Amino acid sequence: MASNIIDAKLLAKMFLAGANNLESHKEWINELNVFPVPDGDTGTNMTMTIMSAAREVAALGENPDMVTLCKAISSGSLRGARGNSGVILSQLLRGFTKAISDKTELNIEMLADAFEKGVETAYKAVMKPKEGTILTVARGGAEKARELSDEGITDMEAFLQQTIDHAEYVLSQTPEMLPVLKQAGVVDSGGQGLIQVVKGAFDA
């Protein structure tokens, strides 16, 4: 990555790639779905949620500004939110976009702030937050992002890679937090869905 700054155009591209990556993995995520009920729809719900936002983002055209982009991501995902995992995803996006909508470009520190705001918003939206879920994975990633930012990391690519790696590590630990996952021999499906979104965005 040539630059250590993400502008609205790049963020829109990253968001759409993340949404598409989630969509292409949704059946696999559905198969992981055993918590809170094994109804096999986490991937579908998260995909419907993010695709609702992706349609609004795509409609903005080539050069969106940050305010319009954030509004499209936030309102689109809230409107499209389905199921527990979709609602949590929409709240993560809502908090994230709220933290950045007044910026024109994002640096590492701003992203760390936005990740934290997303997690805080999502935790507040859930009446009884349960560890070992998408919330735990999001929080793990946000904590790593903050730690790297505080350490003064300047390489955006390394920052995002290490943040995702840590979130994946947290995801791998979810069966230790939720016995039902351990019994089924799977990681949390919502957490896995979130990882697919950020990985797709990172690849873009």
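In which helix is the place of T136?

Modeller: The model is a predicted one, and the values that follow are computed from it. T136 has its place in helix 7. T136 is buried, since its relative accessible area is 5%, under the 20% limit for that class. Leaving out residues up to four places away in sequence, T136 touches Y123, K130, E131, V170 and M177.

The helix itself comes next. Helix 7 has 18 residues, and the distance from its first C-alpha to its last is 26 Å, close to the 26 Å expected at 1.5 Å a residue. Helix 7 is mostly covered, with 13 of its 18 residues buried. The residue that follows helix 7 is G152, and its phi is positive, near 85°.

Charged pairs also occur along this helix. Side chains of opposite charge can pair when their charged atoms come close. E143 and R139 meet through their side chains in a salt bridge, at 3.3 Å from N to O. E147 and K144 are three residues apart in helix 7, so about one helical turn separates them. E147 counts as partly exposed, at 38% relative accessibility, whereas K144 is buried, with a relative accessible area of 18%.

Helix 6 comprises residues 108–125, and its 18 residues should span 26 Å at 1.5 Å a residue; the end C-alpha atoms are 26 Å apart, which agrees. The buried residues of helix 6 are I108, L111, A112, A114, G118, V119, T121, A122 and Y123. Y123 is also among the residues that T136 touches. The cover over the buried residues of helix 6 includes helix 7, together with strand 1 (6–7), helix 5, strand 2 (105–106) and helix 8 (156–172).

Rolling a probe the size of a water molecule over the atoms shows where empty space is left. A search of the whole structure finds one cavity of 30 Å³ or more, and the largest cavity has a volume of about 610 Å³. Its lining has 29 residues, of which F96, F115, L194, V197 and V198 are the closest to the centre. Helix 7 is one of the elements that give two or more residues to this lining, the others being helix 1 (8–24), helix 5, helix 6, helix 8 and helix 11. Helix 11 gives the largest share of the cavity lining, six residues. By class, the lining of the largest cavity has 25 nonpolar, four polar and no charged residues.

Helix 7 contributes to an open space as well. The largest pocket has a volume of about 410 Å³. Of the 23 residues that line the largest pocket, F35, P36, N84, S85 and I88 lie nearest its centre. The elements that give two or more residues to the pocket lining are helix 7 (134–151), helix 3 (42–58), helix 5 (83–100) and helix 11 (189–203). Helix 5 supplies the largest share, five residues. The lining of the largest pocket divides into nine nonpolar, nine polar and five charged residues, whereas the lining of the largest cavity has no charged residues.

A salt bridge joins R79 and E56, with the closest N and O atoms 2.5 Å apart. R79 lies in helix 4 and E56 in helix 3, so this pair ties together parts that are 23 residues apart in sequence. R79 is exposed, at a relative accessible area of 56%, while E56 is partly exposed, at 23%. A81 lies in the loop between helix 4 (66–80) and helix 5. Apart from neighbours within four places in sequence, A81 is in contact with T49, G86, V87 and S90.

How values were computed:
Residues numbered from 1 in each chain as written. Predicted model: local features only at pLDDT ≥ 70, side-chain atom pairs only at ≥ 80, totals over all residues. Heavy atoms only, no water. 1 Å grid on protein atoms, 1.4 Å probe; cavity = no way out; pocket = protein on both sides within 12 Å on 5 of 7 lines; lining within 4 Å. Points joined across faces, edges and corners; volume = space filled by probe spheres on them. Helix = DSSP H or I, 4+ residues; strand = E, 2+ residues; numbered from the N terminus. Nonpolar A, V, L, I, M, F, W, Y, C, P; charged D, E, K, R; others polar. Expected span 1.5 Å × (residues − 1). Buried < 20%, exposed > 50% of the residue type's maximum accessible area, 1.4 Å probe, protein only. Contact = heavy atoms within 4.5 Å. Salt bridge = Lys/Arg side-chain N within 4 Å of Asp/Glu carboxyl O.
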